[in-house]
Amino acid sequence: MYNSMAPRLSPRRARKYLFVCTLCLSCTLLCYNLILRSHSSMHSRDQSSMNSRDQSSMQQGYEQLSCPLPHLIGSKKLLQKIPPCPHSATTAPPSSAPLTHTVSDIQGKNQTEPTQVTRAPSKPTEQPTSPPWNCTATPRYGQKRLPQAIIVGVKKGGTRAVLEFIRVHPQVRAMGTEPHFFDRNYERGLDWYRNLMPRSLDQQITVEKTPSYFVTRDAPRRIAHMSPRVKLIVVVRNPVTRAISDYTQTLSKKPDIPSFNELAFRNRTSGEVDTAWNAIRIGLYALHLQPWLSHFPISQMHFVSGERLITDPAGEMARVQDFLGLKRLVTDKHFYFNRTKGFPCLKKPGGGGAPRCLGKSKGRTHVQINPEDIEQLRDFYRPHNIKFYETVGQDFHWE
Ligand SMILES: Nc1ncnc2c1ncn2[C@@H]1O[C@H](COP(=O)(O)OS(=O)(=O)O)[C@@H](OP(=O)(O)O)[C@H]1O
């Protein structure tokens with residue numbers, strides 16, 4: 001009786017109702033899923049910032065970190081390659097604009113000025129050899145700023161060590177790669193450059209290093225145009241050792257290049273030095289310094305001794321911190337001498353863990369050079385070095 005009174009659905013209509021019901025149910029489930037996911041990711045973000053706060057309070061000298069402390073980052077060696085800090089914004093955005101590239105090293109021989117060639121767009125070069133201890137500091141806060149300090153040179157002087165040591169300071173945010181903005185990428189514009197920088201808080205300073213700036217003719221003017229008050233750091237090293245280091249690096253990439261003395265001397269008998277070879281030319285510090293002094297007062301430049309950086313890293317870094325107007329928080333407590341490496345390395349804050357030394361390309365065994373050639377090069381550089389000491393008011397004792 002009841003069945004006969006009930007409205008009858010045609011099979012087609014029933015299928016239609018079934019389809020609509022299933023669709024509604026799916027939509028409801030999807031919405032729930034989305035809500036739950038966003039809730040859990042917010043929760044995990046809160047969790048990580050809480051961890052960092054707890055750790056920061058435990059670590060003397062790191063009170064200002066709002067992120068996990070270095071020893072929490074992982075057990076990988078500090079100065080070996082690890083994926084870059086995700087918040088450091090060190091990757092270049094894609095661009096179709098052609099770039100100029102400075103031909104250096106062996107290709108620079110017989111050229112008085114570095115040659116400019118057009119090439120495909122490039123990313124900033126050289127991955128940091130270390131994960132910065134404060135690389136996760138202020139990951140989502142602060143803003144990207146143009147650097148207030150730049151390590152402008154010199155190639156093979158010890159620039160990587162200075163950058164890695166100074167970025168231990170909680171008030172320093174550093175770009176790990178070399179942006180090469182003022183030499184190769186200038187036409188990309190300041191916004192491109194700023195965008196590469198890590199975020200920083202108001203009380204932090206942003207630092208980058210590109211050693212080729214020191215020998216780039218246009219770099220001083222361009223940097224002064226960006227900011228006439230920017231602080232400049234130059235890491236200098238005995239130009240003879242620097243040249244051998246430079247040659248050793250080139251040889252490791254191109255084993256077929258001529259010998260060091262074939263490249264260094266125009267005439268072996270007369271001992272005439274080939275200043276067109278970049279490895280030699282970069283060491284003429286007094287010469288390269290002149291254009292900088294047309295744009296910056298010498299007080300705005302700080303010269304780090306590459307030699308003392310190895311024998312007394314804490315002393316050299318104390319002077320760097322003073323120059324940058326920072327409290328001396330990077331001290332001898334941060335360094336230890338690694339006998340296997342033969343260089344000072346960074347201790348992990350809090351102690352323990354794996355050694356944190358610069359990568360294999362820093363502190364390489366140099367190729368053997370004939371002592372007579374070395375003597376001739378010393379004689380060649382002597383007057384240039386003296387001029388450099390007089391200009392900067394510092395004796396680096398490169399004898
Ligand atoms: N702590 C520590 N560990 C390892 N290496 C150190 C350190 N401090 C200074 N140095 C010296 O840095 C030299 C490399 O200089 P740069 O970093 O300026 O090189 S580069 O221009 O960025 O390629 C590198 O040169 P080579 O010894 O010729 O490899 C080192 O002598």
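Modeller: Contact here means two C-beta atoms, placed from the backbone, within 7 Å. This is a predicted model, where local features need pLDDT of at least 70, side-chain atom pairs count only at pLDDT 80 or more, and totals for chains, interfaces and linings use all residues. Numbering runs from 1 along each chain as its sequence is written.

Biologist: Where else does pLDDT stay under 50?

Modeller: Over residues 35–121, for which the model has 149 contacts beyond four places in sequence. Where pLDDT is low, the predicted coordinates should not be read in detail. For the chain, the mean pLDDT is 76, and 64% of residues reach 70 or more.

Biologist: Why is G153 called buried?

Modeller: Buried takes 20 or more other C-beta atoms within 10 Å of a residue's own (12 or fewer is exposed, in between is partly exposed; C-beta atoms are placed from the backbone). G153 has 27, so G153 is buried.

Biologist: What does G153 touch, leaving out residues up to four places away in sequence?

Modeller: T159, P211, Y213, F214, V215, V234 and V235. G153 and F214 are 61 residues apart along the chain, yet their C-alpha atoms are separated by 5.1 Å. G153 itself is found in strand β4, residues 149–153; a strand is a DSSP run of E, at least two residues, numbered from the N terminus.

Methods. Helix = DSSP H or I, 4+ residues; strand = E, 2+ residues; numbered from the N terminus. pLDDT = per-residue confidence, 0-100.
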